[in-house]
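Hi everyone, and thanks for coming.

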Amino acid sequence: MLIIGIAGGTGSGKTTVVNKIINSLPAGEVAVMPQDSYYKDSSHIPPEDRNKINFDEPAAIEWTLLVEHLKQLKEGKTIQMPTYSYLTCTRQEETVAVAPSDVVIVEGILVLTDPTIRSMLDIKVFVDADPDDRLIRVIARDCIERGRTPEIVINRYQDVLKPMHMQYIEPSKRYADLIVPQGGSNIVAINLLTDYIESRLQRAKMRGVATEC
């Protein structure tokens, strides 16, 4: 199993990079574990206070559960990945079954900030993008998908996203094996990453065949 961590600022194009990798590999070979699925449950917090939660700091993530799930996948076990609602800021009752795959991608803004997760990653990727481009994507996404107004999104960007990006996310870039500038539009970098993944998988399969022989 090849575990890949893909980090980067909010709106940097991480999801686009992940999707292009998935589409370049055979169906069923890639499992994706979004960091967002592992946000701590906030159902015990009054609804009027949940919009004050800082989702852009490492303390918001239940890292121990993510680590345990990665270990179980490496052991060949299927996990029940949690789901999280941004509309209610709570963990949902529904879970998603994730079976062991040749490639597991852990994707999220804070993936490279946790030392235990970093130690489990075979490839560490940081998707980089211009701050203005990221802000435009965040406004479009949060207004459409999360029911927020442009004013709320901009205020949150200034008060939370930008300072947390500078404090936690940007410094984690130094841990990356590969930095992908220009986000999901950098076809050359994505192709290089995909080719490397394919070569690693091929070598692993050849070792498996040699062991059977």
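Let me begin with a question: are arginine 156 and aspartate 56 buried or exposed? Both of them are buried, where buried means under 20% relative accessible area, exposed means over 50%, and partly exposed is in between, using a 1.4 Å probe and protein chains only.

Before going on, a word on what you are looking at. This is a predicted model, so to speak of local features we need pLDDT of at least 70, and side-chain atom pairs count only at pLDDT 80 or more, while totals for chains, interfaces and linings use all residues. Residues are numbered from 1 along each chain as its sequence is written, and side-chain values use heavy atoms, with hydrogens and water left out.

Back to our pair. The side chains of arginine 156 and aspartate 56 meet in a salt bridge, 3.1 Å from N to O; the term stands for a side-chain nitrogen of Lys or Arg within 4 Å of a carboxyl oxygen of Asp or Glu. This pair links distant parts of the chain, 100 residues apart: arginine 156 sits in helix α6, residues 150–169, and aspartate 56 in the loop between α2 (47–50) and α3. Helices (H or I, at least four residues) and strands (E, at least two) are DSSP runs, numbered from the N terminus.

How many salt bridges does the structure hold? There are six. Another one joins aspartate 128 and lysine 173, at 2.9 Å from N to O. Here too distant parts of the chain are linked, 45 residues apart, with aspartate 128 in the loop between β6 (123–127) and α5 (131–145), and lysine 173 in the loop between α6 and β7 (178–180). Salt bridges with shared partners join Asp128, Glu170 and Lys173 into one network. Lysine 173 counts as buried because its relative accessibility is 18%.

Compare that with glutamate 75 and lysine 77, whose side chains meet in a salt bridge of 3.2 Å, N to O. Glutamate 75 is exposed, at 52% relative accessible area, and lysine 77 is partly exposed, at 44%.

Now for the nonpolar cores. Such a core is a set of buried Ala, Val, Leu, Ile, Met, Phe, Trp, Tyr and Cys residues joined through side-chain atoms within 4.5 Å. In the largest one, with 32 residues, Met33, Leu66, Leu70 and Ile117 touch the most other members. Helix α3 gives the largest share of this core, five residues. Histidine 69 is also found in helix α3, residues 63–74, and is buried at 8% relative accessible area. Leaving out residues up to four places away in sequence, histidine 69 has contacts (heavy atoms within 4.5 Å) that include Met33 and Tyr38.

Tyrosine 84 stands opposite arginine 91 in β4.

That is my tour, and I'm happy to take questions.

Definitions and conventions. Two strands pair if DSSP finds at least two bridges between them.
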